[in-house]
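Here is a short briefing on one protein chain. Keep the structure open beside the text and find each part as you read.

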Amino acid sequence: MSSNLELKLGQAWSKPPFIKSPVLRWTLVICVLLYLVAAFSSIEVNWSRVYDGLEHGWRFVLAFASPDLSSRATDIREGLIESAVITMASTAVGIALSVPIGLGAANNISILPVYLLCRGIITFSRALNEIVLAILLVAIFGFGPLAGFLTLSFATIGFLSKLLAEEIENIDKIQAEAVRSTGATWLQRFDYGIFPQVLPRLIGLSMYRLDINFRESAVLGLVGAGGIGATLNTAFDRYEFDTAAAILLVIIGTVMVLEYLSGIVRFKMR
Amino acid sequence: MLQLKKLSKIYKTGDKALSAVDLTVPQGQVMALIGPSGAGKSTLIRCINRLVEPTSGSITLGDVEITSLKGNSLRQQRRRMGMIFQEYALVERLTVMENVLSGRLGYVSFVRSFLRKFPQKDIDEAFRLLDRVELLDMTDKRADELSGGQRQRVGIARALIQDPALLLVDEPTASLDPKTSRQIMRLICEMCEERKLAAIVNIHDVVLAKSFVQRIVGLEQGRIVFDGKPDDLTEKELTKIYGEEDWEDTIKKDESLA
């Protein structure tokens, strides 16, 4: 038995703390607590306003008990079709643009200038909030589905390219190396060595983005970018809470169906 | 056939993987490359097909200088070198057939390979090779459905369909059980014999190497410290390659096999 071991035996052991210095550790804890107290105490709540508002809220909730699909049926159908078109078109265009950008943004297969350019596009796309972008595009292209389509295509790029690039960075390098060792060209290396490894994930992410785009298209209508959101906005403006409730139920139902379908597709793709 | 002259590789981290390696492998010779982990065995064979860029020195295959090649001409030379990998390196989600045919990628256009429309003679050759490695029934199975030994046989078929002059084999048996290991080594050696291929086989299992190959080269810290027949690999030589250890069993086992 070494003398070192004798010293250690009988001593308690605990996991080394994340922040070594106790002074720094406790200072940070106290600062966070002080910040939380200050933050919560700065929230102002007008309780009498809340009391008045409860009644409005309750009427809205009650409307869900008697949703009215029929009196604005044509508007709802048209809004829904418009949203579906925006969703499908923006997802398809988004995917088509995301694949090359995702490839360029993967640091294990890209070259530096292309990498920086593609990462720049992704960062820009992710930095711009969908609603802000939609407001800008509505200002440029006018009210209607074109602005919604452009907004969602652009947002899809930021989402899909980033995750695809990360997936490509995590592939099994040896499989790609084996394809390279046969004398394959760059495109063949992608087709045989990389693409099969990321395809299931790409399809899963695309399905996921499809249902995000549908939900977003409902929100974007509120700022004038067309789709079911525009119909919803009109219903609220007219205080037709029962029609609004019907529209919301339709949106929820559609998202659930999409979610279910994407689950099936992802399972089959494994 | 294959000639390395003063081949050196220094990695960006400053690690000297190979220092001035001189090596000649004649046509039809199967050569085992042994040595401790980190001795540079993997680097050596990856320098030959330029998956790793050598720092200095020259490599000639036949009468072609490999080290200065770029683009198309590099890819044309890679076709002449089939590579077999430690963890098989099959593309898991592609079928067995696609994996074998991927050995023809250097010969067909992107459009053909993308549409999976390979020339009939390539497909026939793939069937012939799959039959030879006893996997003809597995043609349309996905590679990840196969066992280790079966995958390595697909890996061998993929390397051979390239119609190579040289096989680069990186630890072909490291993830296989002892029986499968022997079968795979035997298959590789038979194929080289049939097709008069030169081969460099990186291998950890000294006993296995000694019972199959004609020549053994020992690498230690990027230098060749042994080059000779399997019988010449004595206890003293093994100590030179791997360091001090009781090597009696490694040598005795070989005698009992002979």
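Buried residues make up 55% of the 258 residues in chain B. The model is predicted. Chain B has 10 helices and 10 strands. Its radius of gyration is 18 Å, close to the 18 Å that the globule rule gives for 258 residues, so chain B is as compact as a globular protein of that length.

**Overall form**

- Along the principal axes, the C-alpha atoms of chain B fill a box of roughly 55 × 45 × 35 Å.
- Take the contacts in chain B between residues at least 6 apart in sequence: 68% of them join residues at least 24 apart.

**The nonpolar cores**

- In soluble globular proteins, nonpolar side chains tend to be buried together.
- The largest nonpolar core here has 58 residues.
- Which residues have the most contacts inside that core? They are B:Val100, B:Leu167, B:Ile188, B:Ile203, B:Ile216 and B:Leu233.
- Helix 7 of chain B, residues 178–195, gives the most to this core, with seven residues.
- A second, separate core has 30 residues, including B:Leu18, B:Cys47, B:Ile59 and B:Leu219.
- Look at B:Leu167 for a close-up: leaving out residues up to four places away in sequence, B:Leu167 touches B:Gly82, B:Ile84, B:Ala159, B:Leu160, B:Ile188, B:Cys192, B:Leu197, B:Ala198, B:Ala199 and B:Ile200.

**The four-stranded sheet**

- Strands of a sheet pair through backbone hydrogen bonds, either parallel or antiparallel.
- One open sheet of chain B has four strands in the order 2-1-4-5, and its pairing is antiparallel.
- Strand 2 (16–25) and strand 5 (64–65) of chain B stand at the edges. Each has a single partner strand, so one side of each is left without a neighbour in the sheet.
- Strand 1 and strand 4 of chain B pair in the antiparallel sense over five bridges. B:Gln3 has B:Thr60, in strand 4 of chain B, as its bridge partner.
- Strand 4 (residues 56–61) and strand 5 of chain B are also an antiparallel pair, with two bridges. B:Thr60 has B:Glu65, in strand 5 of chain B, as its bridge partner.
- The hairpin of strand 4 and strand 5 of chain B has two residues between the strands. B:Gly62 takes a positive phi near 65 degrees in this hairpin.
- Helix 1 of chain B (residues 41–48) packs on the sheet and touches strand 1 (2–10), strand 2 and strand 4 of chain B. The direction of helix 1 makes about 120 degrees with that of strand 1 of chain B.

**The six-stranded sheet**

- Another open sheet of chain B has six strands, in the order 6-7-8-3-9-10, with mixed pairing.
- Which strands stand at the edges? They are strand 6 (81–84) and strand 10 (223–228) of chain B. Each has a single partner strand, so one side of each is left without a neighbour in the sheet.
- Neighbouring strands of this sheet are turned by 20 degrees against each other on average, direction ignored.
- Strand 3 (residues 30–34) and strand 9 (residues 215–220) of chain B pair in the parallel sense over four bridges. B:Met31 stands opposite B:Arg215 in strand 9 of chain B.
- Helix 9 of chain B (residues 235–242) lies across strand 3, strand 9 and strand 10 of chain B. Helix 9 runs at about 160 degrees to strand 10 of chain B.

- B:Ser8 sits in strand 1 of chain B. Is B:Ser8 buried or exposed? Its relative accessible area is 13%, so B:Ser8 is buried.
- Beyond residues up to four places away in sequence, B:Ser8 touches B:Leu18, B:Ser19, B:Ala20, B:Pro54, B:Thr55 and B:Ser56.
- B:Arg104 lies in the loop between helix 3 (96–101) and helix 4 (110–115) of chain B. B:Arg104 counts as buried because its relative accessibility is 9%, and the cut-off is under 20%.
- A polar atom of the B:Arg104 side chain lies 2.8 Å from the backbone oxygen of B:Ile161.
- Leaving aside neighbours within four places in sequence, B:Arg104 is in contact with B:Phe118, B:Lys121, B:Asp122, B:Ile161, B:Gln162 and B:Asp163.

Methods: Residues are numbered from 1 along each chain as its sequence is written. Chains are lettered from A and ligands numbered from 1 in the order in which they are written. This is a predicted model: local features need pLDDT of at least 70, side-chain atom pairs count only at pLDDT 80 or more; totals for chains, interfaces and linings use all residues. Side-chain values use heavy atoms; hydrogens and water are left out. Buried means under 20% relative accessible area, exposed over 50%, partly exposed in between (1.4 Å probe, protein chains only). A polar contact is a pair of N or O atoms within 3.5 Å; within protein, one must be able to donate a hydrogen and the other to accept it, and residues adjacent in sequence count only if both atoms are side-chain atoms. Contact means heavy atoms within 4.5 Å. A nonpolar core is a set of buried Ala, Val, Leu, Ile, Met, Phe, Trp, Tyr and Cys residues joined through side-chain atoms within 4.5 Å. Two strands pair if DSSP finds at least two bridges between them. Axes are lines fitted to C-alpha atoms, for helices over the stretch in contact, and angles run from 0 to 180 degrees between N-to-C directions. The radius of gyration is taken over C-alpha atoms; the globule rule is 2.2 Å times the number of residues to the power 0.38.
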